Each structure stands twice: as C-alpha cells, then as structure tokens.
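Please open the structure in your viewer and keep the selection tool at hand.

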Amino acid sequence: MAYWNTLLDVDLSTGEIERRDLSDEFVRQYLGGAGFTTRILYDEVGPEVDPLDPENVLAVAPGVLVGPSVPTGSKTTFGFKSPLTGGYGKSLVGAKLGDQLKRAGYDGLVVRGAAEKPSLLVIEDDEVRIESADDLWGKDTFETGAAIKERYEGTRTAVIGPAGENLSKISIIECEDRQAGRGGPGAVMGSKKLKGIAVKGTQDVPVARPEELRELNDKWRKETTGRGEIEITGTGDATVDVQYGTGEALDAKNTTLGVFPTRNWQSSYFKRAYDRLDDPENDRISLDPRYWTEEYVQTKRPCPYCTKPCSQFFEAEDTQYGDIAVDGPEYETQYALGGNVEVDDIEAVAKANEICDRLGLDVIDAGNAIAWAMEASEEGVIGDDEVDIEADLEFANARAVLELVEKMAHGEGDLAELLMDGHAAAAETAGGGEAFAVHVKNMAPAGFEVRGIKGMALAFGVAPRGADHLTSCLYALEMGGSFWEFENYDRLRMDGKALALKAMEDLMMVYDATGVCKFTRGITLEEGVRELVNAMTGFDLTRSELLGIGERGHNVARAFNVREGFTREDDMIPERFTEPIPNGPSEGQFIAIDEYERELDRYYTARGWTSDGVPMGETLSELDLPEIGEEVGVRNELLI
C-alpha cells in the first residue's frame with residue numbers, strides 16, 4: 001500500500017515525540033494531503049482554542065501521490081486554525097519538504113504546544129529532535145533556509161520570517177521558493193516559537209502496484225509536458241502557460257474579459273497602464289509576462305516532479321529598486337502588488353514580491369491591505385497625520401508599496417501596524433472603510449473580478465478558508481465556457497452555477513488530497529487522477545468513491561467552521577461586488593444580491609445543507625461522518 005500508516009506528533013511544550021498509528025480506514029477515507037489535515041484539524045482543535053494558542057496545531061501532510069515521481073505530484077498541505085479568519089485554515093505548497101517527510105517514513109506531521117525559546121524541528125528518518133533556533137530568530141526566510149541547509153546537509157525546509165515572528169495574521173511559511181501563503185500559517189509557527197522545520201528522508205516511498213504506476217507516470221508525463229490551458233486563453237498555443245507562467249492570460253483578462261482587479265477593486269481593467277501605451281493594439285503593459293520574461297527570466301525553479309513548470313525566476317541587477325532575485329511574480333502577485341495598487345512597473349512588483357517572500361508576507365493580502373489604505377487615505381478614513389511613511393500613500397506609487405511591505409512585516413510604525421493583520425482588521429480598527437474592504441471571512445480575494453465572472457462570486461463566498469479561487473477553480477469554467485463535464489456556461493450569469501461549483505469543489509479537494517498540481521486540471525481530470533491513485537494505493541476506487549472523498553473532506557471543513565460559529569452571513573460577498581464596473585470590457589456588470597442569495601440557496605441544497613449552510617445530519621452520515629453529524633449536523637425533523 002502507499003502508506004506508512006504513521007503520523008509523527010511533536011509537542012513543543014513538553015518535548016514529547018510520538019508516532020501515532022493511522023488506520024487503514026482513515027487513509028482510505030481521506031487519502032492524504034488536505035484530506036488528512038482537514039480531519040486532523042477537526043479532531044484536534046475545538047472552538048475554545050484561539051489560533052495563536054499553544055493548543056492550535058500545525059498539521060503537515062504530503063499528498064498521497066507525492067514521492068514516486070508522479071508528474072506534478074508535489075503538493076503538501078499545511079492545516080491549522082487560521083489566525084486571519086478564525087476558522088478553517090489550509091495552505092498548499094509545492095514543497096520539497098513534503099517529499100522528504102514521506103521518505104522519512106511519515107504520512108503526516110502534527111506540531112502542537114509552544115516552545116519557550118525559538119526552536120527548530122529536525123527530522124532525519126527515525127531521528128527526530130527539537131533544537132535551539134536562537135541564532136536564527138530575526139533572520140529572514142532566505143537566510144534562515146540557507147543556514148539550516150548548511151547545518152543539516154540534505155534537509156529540506158519550511159521556515160518563517162519576521163512577519164511570522166511578529167504574529168502577522170497574513171504571514172506565510174516559506175518552503176524554498178514556494179510559499180504556504182494563505183490564512184496566516186506563519187503566525188501559527190511564530191506563536192509556537194517554531195522558526196523552522198528541516199526534514200531529510202532516505203527511504204523509498206511504498207507503492208501498491210509499482211510497475212503499473214511507472215507506466216502511468218510515463219503516460220501522464222507525455223500528456224502534461226508542454227501542455228497549455230488553451231481553452232481559457234484562446235491563444236491556440238499549447239506552451240504559453242509554461243513559457244509565461246500563471247500570468248500568461250493577463251492581457252486577455254484585461255482587454256478581452258475585463259476581469260483584472262484594479263485600484264482596490266474599483267475597476268476590472270487596468271486603464272492607467274493601457275492608456276500609457278504608444279500602440280495599444282500591439283504593445284504590452286509592463287506587468288504582462290509576454291513583455292518581461294525574455295528580459296528578466298533566465299531559468300526556472302520548478303516544484304518537485306513538475307512536468308509543466310509555471311516557475312519564472314526573475315533576476316535584475318542595479319535597478320532603481322536595487323538587485324532583484326525572486327521566483328515570480330506570478331499572476332496573483334501581478335494583480336495584488338500591481339494592478340490593485342495601480343503599479344505598472346514589473347521591476348517594482350518583482351521587488352515587492354521578493355520582500356514579501358523574504359520577510360514572510362502573503363502577497364495577496366499584503367497587496368490588498370495596501371490598496372485599501374490608499375483608498376482609505378483618499379476618503380479621509382486615514383488622516384495625513386496617521387501616514388507615517390516617507391512615500392506618499394497614493395495609488396500608482398511603487399515607493400509606498402515597497403516601504404509598506406517592509407514595515408508591515410516588522411510592525412514598524414502606526415500605519416504598518418494597522419495593516420499587518422490584513423485590511424478587514426484595519427477597517428475595523430480605523431472605524432471606517434468597511435465598504436471598500438474587499439474580503440470574505442477576512443481573507444482578500446484572488447485576482448478574479450467576480451462582477452465579470454459571476455460564478456466566482458459564489459465560489460469566493462462559500463470557500464471554507466475565505467475568498468479563495470483554488471477551492472473550486474471555477475474560473476476555468478467561467479472564463480472558457482466549458483470545462484470537464486460542463487459546457488456553454490455564460491460568465492455573466494449568476495444562475496445555474498451552484499451544481500458546477502459543488503462538483504468542481506469536490507474534484508479540487510481530491511487534487512488537494514493527492515498532491516497533483518491544479519495546473520494539470522484540464523489534462524488529468526478525475527479519470528487520470530483516479531488511475532494514478534489506484535495504482536499507488538491498490539484501493540481500486542470507483543469514480544463515485546474518489547469524488548466522495550473530496551465531498552467528505554469539504555464537508556468536514558464546513559463542519560469545522562460551523563462549530564466555530566460561522567453562518568450564512570459569513571458566506572456573503574463584499575459591498576464592492578454589488579457596484580457596477582465603471583469601464584472596460586465588463587463595464588456596467590455587478591452582482592445583484594437577490595440573484596446571489598438564490599444561487600447560494602441552490603448551492604446549499606446541492607450540498608445537503610440547511611438554508612443557513614449547516615450540513616444535515618443525514619448528509620454527514622451518508623459520507624461516513626456520523627460522529628460529526630451528531631456534533632454539528634441538523635436533523636430533518638428539526639426543520640419541519
């Protein structure tokens with residue numbers, strides 16, 4: 001079978017290290033990755049636990065397909081109660097650490113408690129120890145990772161920077177050019193005084209049917225190498241997403257679809273940038289990777305086992321912002337630290353990206369916090385006397401962005417301290433600006449302007465970790481019109497999206513449990529993932545069984561939030577989404593709340609939840625979750 005049936009459990013408070021058994025039933029029900037971390041989180045962390053309490057856990061689990069050279073099988077999940085949202089926390093990363101954890105003989109890791117002093121968790125096969133990190137505390141993520149790898153040869157790392165040490169609720173975990181970024185996992189490590197995790201494994205990963213898996217790996221390696229998402233971009237070029245990375249469709253999102261968030265989501269078209277072009281028909285704005293990759297990108301640093309690398313390692317020397325070296329900027333950075341703050345200078349965006357990675361901030365929430373502050377300054381919510389930075393706090397000022405991301409990570413100054421926990425918290429503290437604080441469950445959205453792809457409004461609203469695009473990847477269907485089993489979808493209609501959203505969420509949870517990258521979602525789909533899983537595990541899962549694993553995981557995540565007190569109100573969308581878009585291809589589009597609420601009702605019905613979004617006890621029982629049904633589920637007779 002594909003498992004060691006072993007969970008490593010480390011208590012930083014007591015120093016105790018335990019190896020817990022994982023039952024055959026558990027691994028079959030949840031597979032691995034986000035499946036494991038979601039159930040562990042539900043079982044281990046109750047509603048009485050604050051996200052920064054020692055009783056919160058950091059659960060780490062590589063996907064079941066991580067290890068045996070499965071094409072793009074690289075994703076490891078970090079699970080935790082989120083400091084940002086107060087609810088379900090999940091962040092995936094193409095981490096070499098996860099591959100090593102599995103090779104060390106563990107299907108997952110749980111870290112609980114809190115050390116008295118800065119500490120480092122070192123795992124080298126059977127040898128597990130907690131060591132001092134006094135000399136690493138205060139160092140940035142790049143310095144820390146390099147120091148650990150020099151000290152412990154052959155290890156792979158997950159570390160935090162100053163933002164995590166300072167308990168910023170938008171802080172990340174850095175995993176060697178890859179980031180577990182959303183929901184504030186860096187603050188969880190910081191609260192535990194855990195500066196880093198270093199892992200080295202020397203064992204072969206167990207495989208149920210190795211020859212079959214080798215053949216399938218060869219098959220999918222050929223299928224995925226160089227394949228592009230042409231159904232979304234419409235370019236007809238099958239290599240563009242590898243050549244240009246996740247931002248390859250940036251121009252189309254601006255000029256064809258009008259779904260690129262700009263100026264704190266006031267618009268969906270980067271008008272300022274396009275107005276500056278000498279030849280708008282042929283020239284490209286600075287943010288567009290079709291403009292900058294040839295000049296700045298000489299190499300790629302892909303995730304483990306990647307056959308479809310989106311990596312673009314950006315390097316520049318002696319720029320006006322100094323030397324720059326960072327993997328990226330990928331699309332979400334181009335939006336959050338570019339269009340949304342109206343900065344059309346790729347060198348500035350790349351430098352801001354580097355600072356965020358180095359100091360440990362999530363680029364999406366950091367960029368949105370700064371964009372909110374720029375509008376708050378315009379609207380008088382933040383007074384001139386409260387702006388304690390040298391640069392002018394105004395849109396299109398790259399210097400303000402660079403100064404603020406640096407200060408936010410360290411909590412230096414009143415403005416940075418206001419923003420370092422995200423813009424929802426900032427608006428509450430400032431006593432104004434809630435109307436243009438764009439978030440769901442306190443999390444800033446990914447870079448898809450939902451007024452021009454309306455199903456994504458629902459996707460953002462109901463995603464358990466906050467305004468997240470990867471919980472469903474519904475944008476693939478919305479922007480292309482067809483995906484998987486769904487055809488002829490109109491991006492400008494709200495109705496009719498609930499069933500597709502539910503199905504896409506279940507499928508994407510399967511991806512998160514397996515560790516296969518969603519960049520292959522239009523290639524492997526359910527059928528390809530299922531044959532890989534069956535060869536790896538020997539389970540011989542049917543289609544309904546595999547998708548049922550995704551549905552089970554999604555319901556456990558929902559149950560976690562329900563137990564935390566989340567309600568239908570937490571699935572509502574920000575006020576800005578209800579305002580008409582002022583310009584661009586989607587001009588005049590907005591989300592009508594009555595239409596949104598009707599589709600939300602349909603989604604709850606499709607899920608087997610009540611009108612307040614609480615899973616029915618019968619639904620949970622059908623998913624083999626009777627004990628969760630007893631705790632949070634609502635019975636039919638109570639609704640009559």
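Which residues lie nearest the centre of the largest pocket? In this predicted model, please select Lys 149, Glu 174, Glu 176, Asp 177 and Arg 301, which are the ones nearest that centre. The lining as a whole comprises 23 residues, and the space in the pocket is about 350 Å³. Next, colour helix H4 (141-151), strand E9 (156-159) and strand E15 (322-327), the elements that each give two or more residues to the lining. The largest share, 5 residues, comes from H4. By type, the lining divides into 10 nonpolar, 4 polar and 9 charged residues.

**The end of strand E15 and beyond**

Now move to the loop between E15 and helix H13 (331-336), where Pro 329 is placed. Select Gly 328 together with Pro 329: the peptide bond joining them is cis, with omega at about 0°. Most peptide bonds are trans, and most residues other than glycine have a negative phi.

**Two positive phi angles**

Select Tyr 305 in the loop between strand E13 (297-299) and strand E14 (313-319). Its phi is positive, about 65°, although Tyr 305 is not a glycine. Then select Asp 624, in the loop between helix H25 (617-622) and helix H26 (626-632); its phi, near 60°, is likewise positive. Is Tyr 305 buried, partly exposed or exposed? With a relative accessibility of 25%, Tyr 305 counts as partly exposed. Asp 624, at 43%, also counts as partly exposed.

**A charged residue inside**

Asp 506 has a relative accessible area of 4%, so it is buried. Which side chains does it meet? Display Lys 502, whose side chain makes a polar contact of 3.0 Å with that of Asp 506, and Arg 607, whose side chain is joined to that of Asp 506 by a polar contact of 2.9 Å. Beyond its neighbours up to four places away in sequence, Asp 506 touches Leu 547, Gly 550, Glu 551, His 554 and Arg 607.

**The whole chain**

Finally, clear the selection and view the entire chain, which has 26 helices and 15 strands. Its radius of gyration is 23 Å, close to the 26 Å given by the globule rule for 640 residues, so the chain is as compact as a globular protein of that length. Of these 640 residues, 66% count as buried. The C-alpha atoms fill a box of roughly 60 × 60 × 50 Å along the principal axes.

Methods. Residues are numbered from 1 along each chain as its sequence is written. This is a predicted model: local features need pLDDT of at least 70, side-chain atom pairs count only at pLDDT 80 or more; totals for chains, interfaces and linings use all residues. Side-chain values use heavy atoms; hydrogens and water are left out. On a 1 Å grid over the protein atoms alone, a cavity is a set of points where a 1.4 Å probe fits but cannot get out, and a pocket is an open set with protein on both sides within 12 Å along at least five of seven lines; lining residues have an atom within 4 Å of a point. Grid points are joined across faces, edges and corners, and a volume is the space filled by probe spheres set on the points. Helices (H or I, at least four residues) and strands (E, at least two) are DSSP runs, numbered from the N terminus. Ala, Val, Leu, Ile, Met, Phe, Trp, Tyr, Cys and Pro count as nonpolar, Asp, Glu, Lys and Arg as charged, and the others, Gly among them, as polar. Buried means under 20% relative accessible area, exposed over 50%, partly exposed in between (1.4 Å probe, protein chains only). A polar contact is a pair of N or O atoms within 3.5 Å; within protein, one must be able to donate a hydrogen and the other to accept it, and residues adjacent in sequence count only if both atoms are side-chain atoms. Contact means heavy atoms within 4.5 Å. The radius of gyration is taken over C-alpha atoms; the globule rule is 2.2 Å times the number of residues to the power 0.38.
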